[in-house]
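Dear colleague,

I am passing on the structure below, and my notes on what was found in it follow directly after.

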Amino acid sequence: MNLVEGKTGDWEVIIGLEIHSQVSSNSKLFSGASAEYGGAPNTHVSLVDASMPGMLPVLNQFCVEQAIRTGLGLKGIINKRSVFDRKNYFYADLPQGYQISQFYHPIVLGGYIDIETQDQQEKRINITRIHLEQDAGKSIHDQNPTETYIDLNRSGIALMEIVTEPDMRSAYEAGEFLKKLRSILRSLGTCDGNMEQGSLRCDANVSVRKPGDALGTRCEIKNLNSIKNVTRAINYEVERQIDIIESGGAINQETRLFNADTGETRTMRSKEDAHDYRYFPDPDLLPIIVSDDYIEGIRAKIPELPDEKKERYMREFSFSAYEASIIASDKDVSAYFESVLKEINNPKLASNWITVELFGRLNKNGLSFADSKITVDKMVSLLKLIDNNTISGKIAKEVFDIMFETGDNAENIVEEKGLQQIVDTGAIEKVIEEVLAENQDKVAEYRSGKDKLFGFFVGQVMKKSGGKVNPQSLNDILKSKLI
Amino acid sequence: MNLNNLTIIEAIAGLKKKDFSCVELLQDHIEALEKHRDLNIFITETLDLAKSKALESDQKYSHNTNAILEGIPLAIKDAFCTNGIRTTQGSKILENFIPTYESTVTTKLFAQGAVMLGKSNMDEFAMGSATHYSSFGPTINPWKEDGSNEQFVPGGSSGGSASAVAARIAMGSTGTDTGGSVRQPASFCGIVGFKPSYGRCSRYGIIAFASSLDQAGFFGRSVGDVALLSDICMGHDEKDATSANIAKPDLAEAMKKNLKGVRVGVPKEYYSENLDPEIEKLWVDSLEMLKQEGAIVEEVSLPHTKYGISAYYVIAPAEASSNLARYDGVRYGLREYKQGMSLDEMYEVTRTAGFGSEVQRRIMIGTYVLSSGYYEDYFLKAQRVRRLMSEDFKKVFEKVDILLTPTAPTSAFSLDNESQMDPLSLYLNDLYTIPASMAGLPAISIPGRLNKKSMPLGVQIVGKRFDEESVFRVAKNMERCFNFNFSPKGF
């Protein structure tokens, strides 16, 4: 068990997450306005989004399909009847004075994600529910000392709120859950998972207890906008709560805000100040009724998900679990890998060049996969040259360095720099003979039993040929010459 | 020329025959309007617009490109958003609100050539039964009891639209009906008022009071006129998720049928000690009249009727408390703000200044019944009652085609009648109209006769959900039998 050491003994940490993920959709949940990120303030706002008098919400069926797809991808149960409720509260960036959400009858119940814990154990994190709801607008407080501005571009955008059971026992597990969730959502195409743009936002419910005790009082930490901040906030909160209890205090049930600059959490509102949201079914909208056929139609179109992909790679390509998961966990990477494989059927070679050579260089340069100049075609051009012995692995790395910088094609670089491997036996023999002639003393030593000098000769030949001699041919010919 | 007493159908015939022009027709109505401004029918008059529209309509008649309602002067309840024309919902909070969009109902009417005289007065946010809860003063009923110098209420909330038609200022008008806001004023004003089934007319662009009950309705001085307006406005609209995507009823065909074999139900629970004896008499006589026309009359039971008002006054305020949250002074409408106020303070002063007493009362009731701890006891229980009421109707409509009931328990009362004008008595005035609203049924009020003090009395015909045809079939025949052709004195 993963415990945190305190002054009075070990503590168990209990974490549940609520994730707001923006549904990938061109238009909003209840209006035809664009759901695109960015855009000048208040340019993606319909009369419905601004809650003009007499305006009515009309459900965007595509968002329903996306929520069902997500529910199926997360192995949940799709409710054939779900209902939109109004969550009533006043705020300047909430134009209706209520948020349309699904409180009593969400569209998805249950589901789970299996994660790997710190000690490499597989662990199932259960999902309580997924419901559809609309986003609020944005209040902008820092443009003017006395005024607050409202941007309604986000108002009405479709969100899926994914609520987990309190199954996580460390910040690490919470982070792993989020990574895995993001990768599944991206594979499904139901959320782009972009935390910087707010497509995926997370609230964490955290409490601590002595192992075996009843659940402690929890605090909810709001609006964590990166996986790093989720783990930082949880770790801070755990220490804060343990400190309070160990010094004789009690935890107040409250909502807290994380400050990414200081790494601390602070009170946002206490339980006493909690809103009474007065949920009730939205009379402007009919219940969502879906048939088995409709659900099965969506299920049939669900792509292979990261876990299934990982298992297939292990099975079909004999990849290690680690290697398989690096490629399988990211939809773009696995798509890249599989496109490369279509052109050159050498999974080991492809995986090695993607996960070691390409990712190594990206990491070193602080770049993301999306920034890479090595398109599928470029990667294939290189791997083909390696696969058919035109260049050696060593040369290939030099070529790849240039490709990585310039984005040029491998063949062009090899051609231009004359880096083709020498495979012609006569040419190799010629170089070897030159080397042996220049080092007759060493040849004598070798022949008298100093086997280790073999490497010296190889090195000399490589040096003379600029590394272009095929190593296998070199070995074979050199051995025969030295007998 | 005095064209004010024509029905819409007669006027259209006259216009087609070039007996008179749209401009002349409009002019007579404008004269009536100007003569009776003391009735306070309109919040906003749009006479210049009306005049240019009438000119256009005359052009269309001369080119034979006239649409169905070409040149007919109508009053539009100020609950319907009209593009570029102030729309207040009877409230100070929207006193200066000018929509940039048009409601579906008015879009359809204008597309058929209707000429709008103005936006008619109403109880603020359609909450009321006397049109005195308007931020723009009460509307007065053109009818008066014999010998009385008091002012009588037109009913509500669509009182401006009802008075306009009774006073021969408009030929027809639109209303909205949430718990009786078209049918009760129709009965108080001696005209025909119809509320279609919930889902028949799009609510798009109608400022919401209680979304699950709100429905557009229509006033006219004849059943045929109201059928015409309804026929134009009913139909599916993808902009309203609750609008029904089913075929429209054929009202014209239905009105050709006689009453032979029509089964008429009389809900026994509707006999009430609060029912005015003269209205009860009208009701009983009407049943006799129906029998003579060949209808089969039988007593039926709607056992949950007695909970109707209580349940309605939980559900409607609950929805209203949420629907009216958007009037917060942030984006449009009234904003009361002084430098240094917090957001919550701005909400408080804005909403206190912008909403009248009845609206505030209902927001508070609605907020209360939705609050945690009360939701189950009030809101859920009221929803359960509503379902039971609907089931009552379902059962009854297996046996009968329509129900005949009083429209209101009283005739129009005086503005000074304190016992009638207190909030609770006004709620009780919705006794007979609320059940059809709760079940989403089509219902019409038609004038039957005058009482001893010469005030009009109405009866209500309620049909099965989406069976507007039976409602109009019976209404048309009863209209002929009643032969009600009274108008208020001086109109």
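B:Ile41 is buried, since 32 other C-beta atoms lie within 10 Å, where buried stands for 20 or more such atoms within 10 Å of the residue's own C-beta, exposed for 12 or fewer and partly exposed for anything in between, with C-beta atoms placed from the backbone. B:Ile41 sits in the loop between α2 (22-35) and β1 (42-45) of chain B; helices (H or I, at least four residues) and strands (E, at least two) are DSSP runs numbered from the N terminus. Apart from neighbours within four places in sequence, the residues in contact with B:Ile41 include B:Ala75, B:Ser120, B:Asn121, B:Thr139 and B:Gly160, contact being taken as C-beta atoms, placed from the backbone, within 7 Å. B:Gly160 is 119 residues away from B:Ile41 in sequence, yet their C-alpha atoms are 4.6 Å apart.

Please keep in mind that this is a predicted model, in which local features need pLDDT of at least 70 and side-chain atom pairs count only at pLDDT 80 or more, whereas totals for chains, interfaces and linings use all residues. Residues are numbered from 1 along each chain as its sequence is written, while chains are lettered from A and ligands numbered from 1 in the order in which they are written.

Turning to chain A, there are 15 helices and 18 strands, and buried residues make up 40% of its 483 residues. The chain is divided into domain 1 (3-295), domain 2 (304-417) and domain 3 (425-482), with bounds that come from an automatic or database domain assignment. The C-alpha centres of domain 1 and domain 3 of chain A are 67 Å apart, and the C-alpha atoms of the chain fill a box of roughly 95 × 55 × 55 Å along the principal axes.

Within chain A, helix α12 (residues 425-438) packs against helix α14 (residues 453-465) at an angle of about 120°, with the axes 9 Å apart; the axes are lines fitted to C-alpha atoms over the stretch in contact, and angles run from 0 to 180 degrees between N-to-C directions. That angle makes α12(A) oblique to α14(A), because angles under 35 degrees count as roughly parallel, over 145 as roughly antiparallel, 65 to 115 as roughly perpendicular and the rest as oblique. Among the residues making this contact are A:Val431 and A:Ile432 of α12(A) and A:Phe457 and A:Val461 of α14(A).

With kind regards

Note on methods
Contact = placed C-beta atoms within 7 Å.
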